[in-house]
Amino acid sequence: MLEKEIEDAKRLVKTDAYQMSVGEIINMYRDGELIINPDFQRLFRWEIGQKSKLIESLLLGIPLPSIFVFEKDDTKWELIDGLQRISTLLEFMGVLKNPTTGQSEIPSSLVATKYLPSLDKVVWDKSPEIQDVPVDEQIPLPGPLQLAVRRSRLSVEILKRPSSNETKYDLFQRLNAGGTQANAQELRNVIVIMVSPAYYQFMKECSQRQSFLTVLSASPDQLEKQRDMEYVSRFFVHTYIQFDGKLDVEDFIDKSIVDLAATAETQQAAETFNATFDLLHEAYGNDAIRRFNNGQPTGRVVLARLMHDDPSERLADVA
């Protein structure tokens with residue numbers, strides 16, 4: 001049985017790998033052959049210290065992790081892992097485009113690093129658009145070092161057609177789950193965007209409904225960590241998809257939200273969501289889903305963990 005499952009799963013994944021120079025990758029982006037989903041790009045949020053360390057690594061010849069792309073039907077590549085690295089390179093060189101306006105983003109000015117303190121105020125080319133460092137203090141990266149960066153090589157892992165879209169989503173999540181840049185819900189958001197940008201927008205609109213926000217009573221830190229979107233995801237998953245106990249709850253939510261996004265049914269979902277939280281808001285306000293202690297609401301709204309009736313069964317998360 002296990003051997004057959006492995007063989008069936010392997011048929012879903014077709015891969016290839018290339019070694020490419022940074023210059024080739026930059027040219028593919030310029031020519032529209034390497035696609036960075038605009039909604040992914042909005043998640044681009046490396047600090048300048050992280051960006052500087054990446055350029056330091058290239059200049060020192062330190063190998064970088066592979067990037068992963070998905071081959072689309074038109075043979076263009078869609079970046080599914082490596083956004084921070086590729087966006088850093090594009091931005092530093094002044095070729096990264098704003099996803100909304102299509103205009104070039106303001107290039108980066110680097111800061112000193114552990115091994116290359118002289119990277120402080122280094123730029124690819126001098127530019128008055130670089131606001132944090134005056135033009136006369138900017139230090140252009142010398143031509144030979146620019147060439148060294150362009151010639152640096154990256155391993156590109158290609159998920160080729162006819163690999164399924166589901167495989168693409170799963171690969172993205174597995175590659176990013178161990179990172180520090182995105183939590184579970186942020187990864188879930190990106191996967192929903194992959195499946196249906198319209199459904200993601202629908203979820204976002206639900207998360208901004210005033211009755212929901214009042215009932216949730218999330219702190220600014222929780223909102224920053226996408227707790228509102230996590231509750232929206234869990235609400236729809238637990239409302240419309242039966243949990244059979246076979247998957248870990250997080251895996252169940254990951255898979256189920258993809259299924260819901262693929263169906264893209266929003267009318268009934270919106271009516272159910274709005275009616276539920278309008279009622280909770282009217283009846284109990286911001287105490288609706290807080291814990292009760294001695295008959296009094298207390299603490300913050302949290303994800304509860306309940307034991308199944310059979311104590312041998314594992315914990316299940318519920319919203």
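Here are legends for a few views of this predicted model, from the whole chain down to one residue.

View 1. If you trace the chain from end to end, you'll pass through 14 helices and 11 strands. Of its 319 residues, 40% are buried. The chain exposes about 17600 Å², and carbon and sulfur atoms supply 52% of that area. Now look at who touches whom: among contacts with a separation of 6 or more, 64% join residues 24 or more positions apart.

**View 2. Helix α8, residues 184-195, from end to end.** How far apart are the end C-alpha atoms of this helix? They sit 17 Å apart. That agrees with what you'd expect, because 12 residues at 1.5 Å a residue should span 16 Å.

**View 3. Helix α8 and its cover.** This helix is mostly covered, with 10 of its 12 residues buried. The buried run includes Leu187, Val190, Ile191, Val192 and Ile193. As a handy rule, an α-helix has 3.6 residues a turn, so residues three or four places apart point the same way.

**View 4. Ser207 in helix α9.** Ser207 belongs to helix α9, which covers residues 197-207. Is Ser207 buried or exposed? Its relative accessibility is 1%, so Ser207 counts as buried, the cut-off being under 20%. Leaving out residues up to four places away in sequence, Ser207 touches Phe212 and Leu213, plus Asp228, Met229 and Val232.

Terms used
Residues are numbered from 1 along each chain as its sequence is written. This is a predicted model: local features need pLDDT of at least 70, side-chain atom pairs count only at pLDDT 80 or more; totals for chains, interfaces and linings use all residues. Side-chain values use heavy atoms; hydrogens and water are left out. Helices (H or I, at least four residues) and strands (E, at least two) are DSSP runs, numbered from the N terminus. Buried means under 20% relative accessible area, exposed over 50%, partly exposed in between (1.4 Å probe, protein chains only). Contact means heavy atoms within 4.5 Å. Accessible areas come from the Shrake-Rupley method with a 1.4 Å probe; for residues, only the protein chains shown count as cover. The expected span of a helix is 1.5 Å times one less than its number of residues.
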